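Here's a quick tour of a few spots worth a look, from loops to a helix and a strand. Have the viewer open as you read.

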Amino acid sequence: MNQPASKSDVAKQLQKEILSLQGFKTASDGPQRSFDFGELEAAFPNQVFPTGAVHEFLSTAREDAAATTGFMIGLLGKLLEKGGACLWISMNRTLFPPAMKFFGIEPDKVIFIDLDKEQDVLWAVEESLKCDALTAVVGELNEITLTQSRRLQLAVEHSRVTGFLHRCNPRSLNTLACVSRWKVRPIPSQLEEDMPGVGFPRWHVQLLKVRNGEPGEWKLEWSGGRFNYLERKVKVLGKETMLQVG
């Protein structure tokens with residue numbers, strides 16, 4: 001005779017189902033796509049970067065927008081490395097598609113849609129997020145309401161598509177239904193000795209909000225086809241200090 005489940009077991013199962021709908025997976029949910037995030041992934045529930053969810057990125061200056069675009073492409077490279085396709089929807093696209101190959105993305109895996117009105121961008125993003133034939137959708141826009149963001153989150157809960165919203169210079173930092181809010185700023189790259197050109201992209205990445213997780217900030221570099229940490233916190237004689245990596 002089966003024993004009835006305890007209240008704590010029921011609560012844990014409900015929490016797991018809710019997190020799964022929000023894009024947070026567990027090891028028992030099957031093989032997961034690795035983002036090579038290391039300690040950053042520990043900020044998310046179950047230590048897994050949430051796919052099948054909508055993420056919000058904020059930029060307030062052109063250089064921040066460029067850095068954010070690079071960081072998002074790094075994420076897309078991990079999402080698309082086993083196949084799939086992405087839609088990139090915007091009004092004023094500044095991305096140079098061949099540059100995506102540096103992040104492991106073949107440009108023909110990304111379909112760019114350029115529209116005239118922000119309302120059209122929002123509509124196209126919502127409809128695209130409903131298409132389970134896609135792996136990811138990127139939408140570049142300024143303003144979006146809580147109600148509109150809820151519609152996007154409901155769409156990905158059914159399709160399991162991952163959405164990135166890049167908001168450049170929004171009038172207000174209103175609450176959205178996205179699972180996370182990011183802010184990315186560029187930091188100076190470092191040239192290898194006797195090497196011409198520019199160094200690898202480097203970013204100061206802030207995870208401002210994450211549902212059921214722990215916000216934090218990190219300094220990352222994209223090199224060797226992955227995200228690498230520039231600094232790590234270590235304790236020496238009871239005091240925290242920073243250790244340069246690489």
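In this predicted model, Asn212 sits in the loop that links β7 (202–210) to β8 (216–223). Its phi comes out near 60°, a positive value in a residue other than glycine. Most residues other than glycine have a negative phi. Asn212 counts as exposed because its relative accessible area of 54% is over the 50% cut-off.

Gln47 has a positive phi too, near 55°, and is not a glycine either. Look for Gln47 in the loop between α1 (7–21) and β1. With 49% relative accessibility, Gln47 is classed as partly exposed.

| Residue | Phi | Relative accessibility |
|---|---|---|
| Asn212 | near 60° | 54% |
| Gln47 | near 55° | 49% |

Now for strand β1, which holds Glu56.

On to helix α3, residues 118–129. Its 12 residues reach 17 Å from first C-alpha to last, close to the 16 Å expected at 1.5 Å a residue. Val121, Leu122, Ala124, Val125, Glu126, Ser128 and Leu129 are buried in α3. Those buried residues pack against the strands β1 (54–59), β2 (86–90), β4 (136–141) and β5 (162–168), along with helix α4 (146–159). That brings us back to β1, the strand where Glu56 lies.

Terms used. Residues are numbered from 1 along each chain as its sequence is written. This is a predicted model: local features need pLDDT of at least 70, side-chain atom pairs count only at pLDDT 80 or more; totals for chains, interfaces and linings use all residues. Side-chain values use heavy atoms; hydrogens and water are left out. Helices (H or I, at least four residues) and strands (E, at least two) are DSSP runs, numbered from the N terminus. The expected span of a helix is 1.5 Å times one less than its number of residues. Buried means under 20% relative accessible area, exposed over 50%, partly exposed in between (1.4 Å probe, protein chains only). Contact means heavy atoms within 4.5 Å.
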